[in-house]
Amino acid sequence: MAAGSSSMKARKAPSRSRSAKKRASGSLSTYRAKRDFSITSEPKAKRVKSQGNRFVVQKHDARRLHYDLRLELDGVLKGWAVTRGPSLVPSEKRLSVHTEDHPLQYIDFEGVIPAGQYGGGTMIVWDQGRWIPEGDPHADYARGRLTFSLEGERLKGKWHLVRTRGKPGDKNEQWLLLKSDDEAARTSEDPDILEEETTSLKSGRTIEELAAQGDIRVDHAARAKVARSGSERSRRPSKVKGAKNGILLPFVEPALAQLVENAPRGGNNWLHEIKLDGYRMQARIEGGDIKLLTRKGLDWTAKFKPIANALKEMKIPSALLDGEIVVEDEAGVSSFSALQKELKGGKGKRFVYYVFDLLYLDGEDLRKAALAGRNAALRLLFDDLPQVGAIRFSDHLEEDGATLVRHACRMGLEAIISKRADQPYRSGRGDDWVKSKCTQRQELVIAGYLPSTASKKAVGSLVMGVYEAGKLIPVGRVGTGFTSEVAGALYKTLTSIEMKASPFASKIPVLQSTNVTLTSSSKKA
Ligand code: MN
């Protein structure tokens with residue numbers, strides 16, 4: 001590793017360590033393998049001449065918003081997905097997941113990577129410039145400790161990249177990106193550069209503007225917002241509060257959501273997620289043995305083999321995950337009919353398992369822990385995952401429930417699920433989890449009634465109206481669905497509020513008006 005210690009000679013190939021050379025050659029094969037260049041507009045993996053120590057930071061709104069830092073080295077771009085983006089505050093270490101080498105042409109790439117493709121989502125060039133390594137970058141990269149200065153438009157000063165987990169080339173190779181304390185540094189009181197600067201250096205457009213011109217996942221904005229506001233998390237999945245030592249159960253009956261009319265308000269006590277339209281599935285992981293179990297505990301592993309295989313690759317010793325297997329349509333919305341189609345005729349390549357709860361992990365039963373704690377542990381467990389893949393962390397939205405329902409409905413989604421953040425995992429249907437549907441609701445007004453022909457002192461049918469532009473319009477009668485008890489109670493209530501004048505703005509059609517008694521319940525409150 002001492003080879004090329006004189007930095008003047010470091011540029012020459014013969015002075016490089018053998019491992020650095022090995023990595024440099026053929027390292028674009030992973031990049032190539034992950035992409036279908038007949039679909040994505042990303043550059044093909046062709047080797048071109050190096051132009052020195054350039055760097056780029058690309059803002060990438062994939063499944064989760066992140067910033068890709070790429071440094072030119074050995075004729076390729078070495079890359080890190082900085083999950084929360086670079087911070088100018090020296091104390092704010094940012095998790096940076098090492099990614100595959102990219103070709104040099106990638107330095108200028110921005111555009112919309114089609115949904116379903118690796119890294120599907122919108123990407124802009126957020127910063128570009130030169131990076132100046134301190135010491136020998138090959139040796140430092142190999143030992144997992146790079147110190148360098150950035151001369152970009154937005155990022156300047158001295159930075160460190162430090163490997164904290166995994167060996168070079170490991171799937172789970174994790175680094176931290178942190179700022180040195182110098183004149184380019186900021187304090188946590190200063191504005192966040194990621195909020196100050198949101199546009200592309202190349203086109204001046206924001207992610208949203210660029211996305212608006214192309215294909216984009218509809219639930220992106222909401223998910224991106226979560227990523228941006230993501231709560232601080234520790235690096236290690238240390239003991240979750242409320243977790244107990246326990247054994248991995250064969251099956252846990254899933255928690256189910258109660259249907260409610262209105263989504264709960266209050267951001268802190270409730271976590272929300274978009275209702276997925278697929279198969280609820282529990283994943284039981286015990287070493288290499290993966291089982292996918294339905295709501296009733298049926299073993300459907302064989303039906304969802306690609307998901308089981310992807311879970312196996314994660315190499316989690318033992319866990320019980322709760323989630324939903326879906327297939328997404330072109331717009332990124334889960335579609336049950338597409339899922340069935342894929343089950344019937346497809347190869348299962350489109351299956352995605354969204355995991356939203358963690359019931360057991362490596363000897364610890366987490367069911368007694370609060371949802372917020374389970375969620376944090378799950379997030380950590382999934383931090384290594386590629387942004388787009390068969391297994392994904394289904395993040396929660398901390399916005400007000402009512403606002404979310406409105407947004408979800410506008411995006412054509414079915415419903416949202418809201419969960420109490422401070423509650424343990426309870427099997428069966430309870431009110432810790434509630435579902436609010438997107439329905440086009442209209443308020444109907446009881447304007448009068450017809451007496452029952454069958455029994456005295458009972459209502460036969462109700463005369464209904466709706467308000468349109470402040471006027472009550474008759475819309476017909478409702479005469480079924482109530483028991484004799486209800487018919488009697490309604491009669492009692494409605495006779496007590498009888499009135500002479502018609503509440504309707506227009507006359508009720510004659511055929512409908514015979515024997516109708518009008519009530520003052522139709523007065524607008
Ligand atoms: Mn990326």
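## Helix α9 and its cover

In helix α9, the residues that count as buried (under 20% relative accessible area, with over 50% called exposed and values in between partly exposed, using a 1.4 Å probe and protein chains only) are L371, R374, N375, A377, L378, R379, L380 and L381. The helix spans residues 371–381 and is mostly covered, since eight of its eleven residues are buried. Helices (H or I, at least four residues) and strands (E, at least two) are DSSP runs, numbered from the N terminus.

The cover over the buried residues of α9 includes the strands β12 (270–274), β15 (318–326), β16 (352–361), β18 (391–393) and β19 (415–420). Contact here means heavy atoms within 4.5 Å.

## The model as a whole

This is a predicted model, in which local features need pLDDT of at least 70 and side-chain atom pairs count only at pLDDT 80 or more, while totals for chains, interfaces and linings use all residues. Residues are numbered from 1 along each chain as its sequence is written, and side-chain values use heavy atoms, with hydrogens and water left out.

The protein has 525 residues, of which 50% are buried, and its secondary structure comes to twelve helices and 24 strands. Among contacts between residues at least 6 apart in sequence, 65% join residues at least 24 apart. The accessible surface, computed by the Shrake-Rupley method with a 1.4 Å probe (for residues, only the protein chains shown count as cover), comes to about 25,800 Å², and 51% of that surface belongs to carbon and sulfur atoms.

Strands are said to pair if DSSP finds at least two bridges between them, and β19 pairs with β20 (residues 428–437) in the antiparallel sense over five bridges.

## The manganese site

Donors are N, O and S atoms within 2.8 Å of the metal (3.2 Å for Na, K and Ca), and water is not among the atoms, so sites may look incomplete. The manganese ion is coordinated by H60 (ND1), H66 (NE2) and D68 (OD), at 2.2 to 2.3 Å, and in sequence these donor residues are spaced H-x5-H-x1-D. H66 is buried, with a relative accessible area of 3%, and D68 is buried as well, with a value of 4%.

## Two buried residues

L104 lies in the loop between β4 (94–102) and β5 (111–113), and it counts as buried because its relative accessibility is 2%. Leaving aside neighbours within four places in sequence, L104 is in contact with V48, K49, S50, R54, E72, G75, V76 and L77. The C-alpha atoms of L104 and A45 are separated by 8.5 Å, although the two residues are 59 residues apart along the chain.

P474 is found in strand β23 (residues 471–478), and its relative accessibility of 18% means that it counts as buried. Not counting residues up to four places away in sequence, P474 touches M464, G465, F504 and S506.
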